[in-house]
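Please keep the sequence and the coordinates at hand while reading.

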Amino acid sequence: MLKPEIEDGQVTLADPQFRADVLAGLERRPRAIPARWFYDHRGSELFEQITDLPEYYPTRTETALLEGLCPELREIVGEGRAVVEFGSGSSTKTPIVLRCVKPSSYVPIDISGDFLRQSARELSDAFPELLVLPFEADFTRPLTLPHTISDAPKLGFFPGSTIGNLIPLAAIDLLRAMRASLGEGAMLLIGMDRIKDPAVLVPAYDDAQGVTAAFNRNLLERINRELDGTVPVDAFAHEARWNDDRARIEMHLVATRDVAFTVEEREFVVAAGETIHTENSHKYGERDARILLRAGGWTPVREWTDAEGKFAVILAEA
Ligand code: AVJ
């Protein structure tokens with residue numbers, strides 16, 4: 001049975017897809033659970049804290065880039081497009097782009113409806129002139145945008161290097177789906193984290209304060225909360241490793257001793273040293289990023305990077 005979870009006084013039923021992904025992921029070898037399940041209420045809070053960590057450079061680097069690129073962006077894309085953001089628009093990055101391109105309407109797309117509606121309300125208050133049309137959907141599939149904006153040319157916005165969570169094959173599928181959803185004449189503004197020294201990359205995913213470790217372990221707490229699990233969370237250590245062959249940071253939960261537990265009445269035995277793979281964060285070199293976009297049906301037209309080349313924001317056209 002799915003266990004109702006009480007969160008901020010609201011009772012929610014665990015997502016059946018979460019249950020299916022966790023059970024299948026724990027059964028598979030190597031064990032792996034998709035990273036999208038990090039973001040329950042607590043996980044979203046912890047991620048917010050990650051973005052402020054001294055070691056986690058992506059958020060502040062991308063934010064500074066977005067602030068600086070406005071004059072050029074406005075010149076290329078013009079004003080009055082409809083901005084379509086993939087993923088929740090709760091961040092401080094969205095207002096930067098909205099102030100810059102002054103869109104006619106703004107469509108944030110997210111699978112998590114509650115978060116989506118809350119951030120849509122906040123943006124409506126901050127931009128009273130703007131037509132905000134939150135759209136609850138899985139943006140990894142082609143979708144039909146609200147017809148109220150179908151005439152305006154679109155600017156897709158996909159910040160945060162979220163594309164890095166997907167393996168390249170899936171990233172290309174997503175880019176193609178976005179192109180299909182956004183239609184003729186669309187442009188895409190996308191953030192991608194660059195390949196760099198693992199001495200910089202690894203601490204960004206294994207910070208001194210242990211916030212990323214708590215973020216990773218919260219997945220196990222969530223399993224215990226929502227799927228009636230008995231996972232001994234303290235028996236799992238956070239690990240971030242650079243996989244050079246695949247150009248990605250991997251996060252794992254490593255069993256520090258032999259453990260046995262149940263999830264939804266199913267029994268699991270994990271031996272000491274075994275890991276549960278919880279996230280991939282792919283990094284792209286200058287040329288890698290461009291070829292990924294082209295393979296996804298987008299032609300890069302302009303890109304911005306910081307002085308150290310840590311992070312790139314790329315503008316592409318359909
Ligand atoms: C939200 C997927 C971009 O990969 O850097 C941060 C998630 N995980 N620290 C990233 C994350 C651990 C983040 N993305």
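How are α6 and α9 oriented to each other? In this predicted model, helix α6 (residues 168–182) and helix α9 (residues 286–295) pack at an angle of about 55°, and they are therefore oblique to each other. On the α6 side the contact is formed by P168, A171, I172 and L175, and on the α9 side by L292, L293 and A295; by class, these residues are seven nonpolar, no polar and no charged.

A second pair involves helix α2 (residues 41–50) and α8, whose axes cross at roughly 170°, which makes α2 roughly antiparallel to α8. Here R42, G43, L46, F47, Q49 and I50 of α2 meet V211, T212, A214, F215, N218 and R222 of α8, and the contact residues divide into six nonpolar, four polar and two charged.

| Helix pair | Angle | Axis distance |
|---|---|---|
| α6 and α9 | about 55° | 8 Å |
| α2 and α8 | roughly 170° | within 9 Å |

Helix α8 itself (residues 211–226) has 16 residues, which at 1.5 Å a residue should span 22 Å, and the 22 Å between its end C-alpha atoms agrees with this. Of the 16 residues of α8, 12 are buried, so that the helix is mostly covered; R217 is among the buried residues, as are V211, T212, F215, N218 and R222. After α8 comes D228, with a positive phi near 55°.

Methods. Residues numbered from 1 in each chain as written. Predicted model: local features only at pLDDT ≥ 70, side-chain atom pairs only at ≥ 80, totals over all residues. Helix = DSSP H or I, 4+ residues; strand = E, 2+ residues; numbered from the N terminus. Expected span 1.5 Å × (residues − 1). Buried ≥ 20, exposed ≤ 12 C-beta atoms within 10 Å, placed from the backbone. Axes fitted to C-alpha atoms, helices over the stretch in contact; angles between N-to-C directions. Parallel < 35°, antiparallel > 145°, perpendicular 65-115°, else oblique. Contact = placed C-beta atoms within 7 Å. Nonpolar A, V, L, I, M, F, W, Y, C, P; charged D, E, K, R; others polar.
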